[in-house]
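Hello,

Here is the structure you will be working with. Please open it beside this email and read along.

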Amino acid sequence: MLRLPQFEVVAPSTVDGVVEALKVPGARLIAGGTDLLPNLKHHLDRPPRLVTLAQVSALRGIARDDDAKVLRLGARVTLRELSEHPEVRALFPSLAHAAGHVASPTIRNMATLGGNVNLDTRCRYVNQTELWRQGIGGGCYKSEGDVCHVVPGGKNCVAAMSSDNVPVLITLGATIHLVGPEGARALAMADYYHADGLRHTHARDGELTAELRVPYPEGPRRCEYVKWSVRNSIDYPLVSVALRFDLEADDPRSAITGAHVVVGVLGARPRIVGKLEGALGKALADPAVAKLVSEAAYAQCKPLPNVPYDPAYRREMIRVYTRRAIERMAAE
Amino acid sequence: MADGARDPSDSPEEVGGEPCDLPEAPEEARREPWVLGKIHRKVDAMERMRGITRYTDDLKLPGMLHARILRSPHAHAKILGIDASAALAMPGVFGVVTGQDFKIPYGIIPWTPDENALAVDKVCHVGDGVACVAAVDEDTAIAACRAIKVEYEPLRAFFDPEEALKSRDKALTINPYSRKGNLSKHVRLEFGDVDGLLDGSDVVIEGEYFFEGTTHGAIEPHCAVALVEPNGILTVWSATQVSHYLHRELAKVLQLPPHRIRVIQPPLGGAFGGKSEPFDLEFCVAKLALQTGRPVKLLYTREEVFYSHRGRHPMKMRYRTGFRRDGTITAVDAKTILDGGAYSSFGLVTTYYSGQLLCAPYNFQAYRFDSTRAYTNKPACGPKRGHGSVQPRFAIEIQLDKAAVALGIDPIELRRQNDIGPGTRTVNEFKVGSNGFQECLTRVEDASGWKTRRPALPYGQGLGIAGSTYISGTNYPIYPNEMPQAAVQICLDRSGRARIFSGANDIGQGSNTMLAVIVAEELGIPLDDIRVLSADTDLCPVDLGAYSSRITLMVGNACLEAAQRLRRKVCESVARRWQVPRRRVVLAGRMAIDGQDPDRHVSSAQAFQWAEADHGLLGEVGSYNTPKDRHGDYRGGTIGASPAYSFTAHLAEVEVDAETGVVVVKKIWVAHDCGKALSRRIVEGQIEGSTYMGFGEALMEEHVVDPAHGGVHAGPSLLDYRMPTFTDTPEIAAMIVEAGDENGPYGAKEAGEGPLHSSIPAIANAIYDAVGIRLDRIPFSPPRVLAALRERAAREARGELPPHKPGPAPQGGAA
């Protein structure tokens with residue numbers, strides 16, 4: 001079988017203990033391990049130490065904070081818990097849906113929210129064995145080489161942000177709360193990612209994700225997450241679009257007051273679709289909205305051959321699935 | 001011979017005490033089957049379900065070493081030198097072998113031994129084995145592999161079979177043993193006046209088809225363990241479906257006499273044809289065990305399973321099929337290129353099968369096929385469930401569907417009309433016995449509501465039909481010999497139990513249960529009282545293995561013969577004590593019963609004890625050999641001939657999303673003529689599993705290498721090689737048709753491979769019915785479906801085609 005490299009495992013019971021344990025250079029966090037362990041088996045990293053969150057009960061819960069009007073989601077909440085939690089389902093149905101469509105039931109039992117928002121970027125030329133990477137001529141920027149196989153001549157890594165939950169959390173205005181040697185800080189999820197497949201988040205060395213906070217809806221709205229992959233289970237998304245429309249009244253025929261569309265599985269950063277102002281003031285059920293928004297997504301999103309399936313097809317499908325999602329919301 | 005259907009009333013009355021070992025001895029009293037044809041728990045089901053089955057990788061022996069194979073990153077290269085000294089010097093490393101230790105080539109087909117356990121002077125595909133290390137643990141073995149220095153001189157690699165065939169450069173001949181460049185095998189056979197009949201046909205359908213490579217995807221990776229006993233016997237446990245051939249090839253390559261080798265097949269976690277020949281790991285662990293004196297284990301990684309492959313050949317097929325206006329098929333002309341990969345494997349047979357197995361269920365008046373197998377720098381192709389004929393079946397069934405449209409005939413009627421029928425000969429001179437194809441067609445037609453629903457389904461929804469046939473074993477074994485093709489030994493003991501010794505490989509298809517069912521039926525004891533000891537070359541009679549769907553018919557017949565011999569002995573001993581004619585004794589329900597006075601009965605144990613007292617130890621053997629009058633009298637005419645043929649019809653219902661190209665298969669009705677279902681649920685499972693496997697090939701799977709990246713496998717993992725999950729799989733309605741065959745035990749024929757074939761073209765034909773596009777290559781991936789839809793839309797716009805179905809026009813994908 002594919003073997004893991006050797007590493008030390010430490011299991012602190014407090015967040016401070018985790019921060020302390022992470023001070024060993026190269027140490028990595030492990031929670032569910034569903035992303036990290038396959039990558040280690042592919043020899044994409046060789047951490048001397050894994051710091052497990054298994055004993056850190058402080059990171060586990062889902063709690064309402066009615067003063068701050070946010071739902072607090074602990075980093076160690078599993079994707080299954082997230083997808084089944086009544087408050088999450090009631091307040092943020094698109095998040096529950098996305099979490100419930102990651103990989104497979106057994107993986108969702110192990111995988112955590114903190115791990116999923118920090119899911120390493122993925123690429124068909126990276127997530128392979130050493131023999132395979134040797135076969136294509138010796139790896140790339142993200143493994144042991146110094147080229148890019150996706151964009152010949154490319155100077156940086158364009159591996160794909162492949163989390164199902166990240167686009168949704170951005171549309172919902174979530175913040176990510178980090179704890180590190182220099183204390184705690186928060187960032188908007190919209191600002192957490194940047195376009196470098198080697199290091200696609202703004203987390204600093206030694207920082208861990210403690211929780212996500214998602215603000216309560218301030219008024220009526222409609223949210224959706226659409227994922228297309230070849231299979232209905234196990235697969236990473238090949239098309240991934242999160243949508244949120246704020247409405248004047250709880251009726252799709254009422255006017256749109258805010259529009260948020262975020263697309264994943266492009267490069268290392270999710271794409272926040274811009275230029276949606278034209279939709280504001282129009283009824284969600286107005287066919288012009290579906291057209292305008294889906295055309296904007298199509299125009300602004302350019303999938304790469306970093307994951308399987310023809311990028312031109314995937315680009316077209318961003319348009320189709322976006323339009324259909326809006327039509328579905330409008331019909332409800 | 002085995003003939004369970006014989007009417008006992010024909011037999012003269014016989015009083016117990018007469019000699020009973022005559023092969024033509026009259027039958028005893030017959031009763032309704034009490035086990036046969038019912039639903040049984042597989043004999044190994046509980047262990048499997050509880051997770052306590054010991055697979056090959058579960059074997060752990062004292063002092064056992066772990067081996068790893070260093071594999072080539074090049075698709076085609078000369079090996080200039082291998083320096084393993086640094087690896088050998090590492091602590092914990094016990095031995096290293098290279099191709100120099102395995103200079104004798106082997107191959108499953110005796111005429112094409114063209115591979116070595118490890119590459120001798122050159123590597124022929126990415127993943128070819130170069131050296132093997134045995135070390136104290138896997139990590140040490142992996143580190144030692146990394147320390148081996150191999151100097152390669154890369155050569156131009158061929159990934160396209162036609163390009164490979166064109167090459168005349170001897171230095172670029174891929175396979176080191178090939179004598180005809182990159183030509184692996186060419187077969188051309190012609191029966192009747194093909195050109196004349198095609199010329200005289202009212203309609204000739206021409207088509208070009210491409211069947212992409214697919215692989216088996218068994219959940220258990222290949223694994224082997226070798227141990228040299230203190231007495232010098234080499235024991236090899238291997239996840240194989242052909243322990244006998246492995247035994248032979250080990251003896252040949254290691255130059256050991258066969259009696260010094262024992263091969264055992266532990267319970268398998270799936271095979272599907274992917275374990276039906278020897279692989280590098282078996283030779284490596286054996287050699288390293290001999291060299292180090294310690295047991296050695298090697299378990300493939302999933303990537304290695306993909307590179308060892310032996311899956312379905314990619315086939316490019318050109319078909320011309322002639323029809324008379326009334327739908328009668330006149331002639332079929334086929335030209336096929338098979339992409340063989342780097343080694344022959346079963347390729348000689350595959351090349352024949354790609355033509356020879358297609359002459360039923362439809363009657364061809366004339367037939368020509370021209371099949372060429374090329375070597376390429378890819379993992380070797382071989383047999384996968386439905387060996388050789390799944391690809392041409394795809395072409396033939398779409399050709400028929402196109403003809404049905406062109407002639408305005410219902411596709412089921414067209415098939416019905418061309419059915420070759422029972423008790424006949426095919427155009428290539430194969431004798432066909434029983435044939436339940438008509439019933440298969442009718443069953444799926446009725447169950448699906450074809451007649452009423454098909455005309456009513458709107459644009460985007462459709463029904464498609466396809467039919468097929470398959471062999472129940474081949475008439476001639478892989479290596480020519482006159483010995484029986486199958487043999488079984490059965491022993492009864494005084495506690496009332498039976499032990500069955502059989503060389504047959506149970507690969508999950510349930511062959512051990514099938515043997516137990518036959519013995520239970522004949523000897524009146526329940527399955528719980530029967531132990532099947534199989535696939536151990538020291539304990540069991542030789543069997544050729546689990547391939548070509550041979551076991552139920554062949555090993556079943558051998559088992560039936562032995563069981564009936566024992567039954568006669570037992571009945572005779574009971575009859576003697578009761579002073580009644582032997583045929584009054586009935587064995588059932590763990591008892592021997594007087595058929596005319598059921599109150600008189602004894603336990604099976606008592607009956608067996610009486611018989612043992614009369615006859616000594618109760619052991620019998622049975623063997624089976626094939627009838628030799630089934631094949632054609634021409635070169636190659638024996639290849640593909642079988643004692644009996646199964647028949648299948650698939651009817652698929654699909655929904656096509658015209659805007660995304662996504663095809664959803666909603667339901668598949670499948671009726672399969674297996675002659676007689678000896679164990680009903682197992683047969684249904686085989687039908688469902690085959691149908692599912694075909695569905696996956698139709699929609700998702702692609703076993704391909706990437707020529708732009710050195711010929712690496714496009715995705716050698718279960719994440720990237722997409723086999724459908726439970727949630728993707730359509731509802732499958734499996735129906736059993738029983739057209740009993742005189743050559744099968746109780747009339748039984750195969751059920752393990754036949755029900756795959758027509759699954760794929762049925763889906764293709766349903767897609768046509770839904771949206772009017774022909775998908776002549778697999779898989780039917782959404783981009784490909786969408787492209788075909790657009791092509792049709794463009795032709796409709798130009799007025800070349802009418803809209804396919806009334807209703808909303810197909811959408812172009814633009815939002």
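Leaving aside its neighbours within four places in sequence, which residues is V519(B) in contact with? The residues are I490(B), A498(B), I500(B), I530(B), C559(B) and A563(B). Two residues are in contact if their C-beta atoms, placed from the backbone, lie within 7 Å.

Two notes before the rest. This is a predicted model, where local features need pLDDT of at least 70 and side-chain atom pairs count only at pLDDT 80 or more, while totals for chains, interfaces and linings use all residues. Residues are numbered from 1 along each chain as its sequence is written, and chains are lettered from A and ligands numbered from 1 in the order in which they are written.

**The core and helix 15**

V519(B) belongs to the largest nonpolar core, which has 350 residues. V519(B), V133(B), V285(B) and I767(B) are those with the most contacts inside this core. The largest share of the core, 14 residues, comes from helix 15 (residues 551-578) of chain B. A nonpolar core is a set of buried Ala, Val, Leu, Ile, Met, Phe, Trp, Tyr and Cys residues joined through C-beta atoms within 7 Å. A residue is buried if 20 or more other C-beta atoms lie within 10 Å of its own, exposed if 12 or fewer, and partly exposed in between; C-beta atoms are placed from the backbone. Helices (H or I, at least four residues) and strands (E, at least two) are DSSP runs, numbered from the N terminus.

Helix 15 of chain B has 28 residues. From first C-alpha to last, helix 15 reaches 38 Å, close to the 40 Å expected at 1.5 Å a residue. The expected span is 1.5 Å times one less than the number of residues. Of the 28 residues in helix 15 of chain B, 25 are buried, so this helix is largely enclosed by the rest of the structure. Q579(B) follows helix 15, with a positive phi near 55°.

**Chain B as a whole**

Chain B has 20 helices and 30 strands. Its radius of gyration is 28 Å, close to the 28 Å that the globule rule gives for 815 residues, so chain B is as compact as a globular protein of that length. That radius is taken over C-alpha atoms, and the rule is 2.2 Å times the number of residues to the power 0.38. In chain B, 62% of the 815 residues count as buried.

Look at two loops there. F272(B) has a positive phi of about 60° although it is not a glycine. F272(B) sits in the loop between strand 11 (261-264) and helix 7 (280-292) of chain B. P361(B) is in the loop between helix 9 (347-356) and strand 15 (366-374) of chain B. The peptide bond from A360(B) to P361(B) is cis, with omega near 0°.

**Chain A and its contacts**

An open sheet of 5 strands in chain A has the order 4-5-8-6-7, with antiparallel pairing. Two strands pair if DSSP finds at least two bridges between them. Strand 4 (62-65) and strand 7 (183-188) of chain A stand at the edges with a single partner strand each, so one side of each has no neighbour in the sheet. Strand 4 and strand 5 of chain A form a hairpin with 4 residues between them.

Where do the chains meet? In chain A, 26 residues are in contact with 29 residues of chain B. Helix 11 of chain A gives the most to the side of chain A that touches chain B, with 6 residues.

Best wishes
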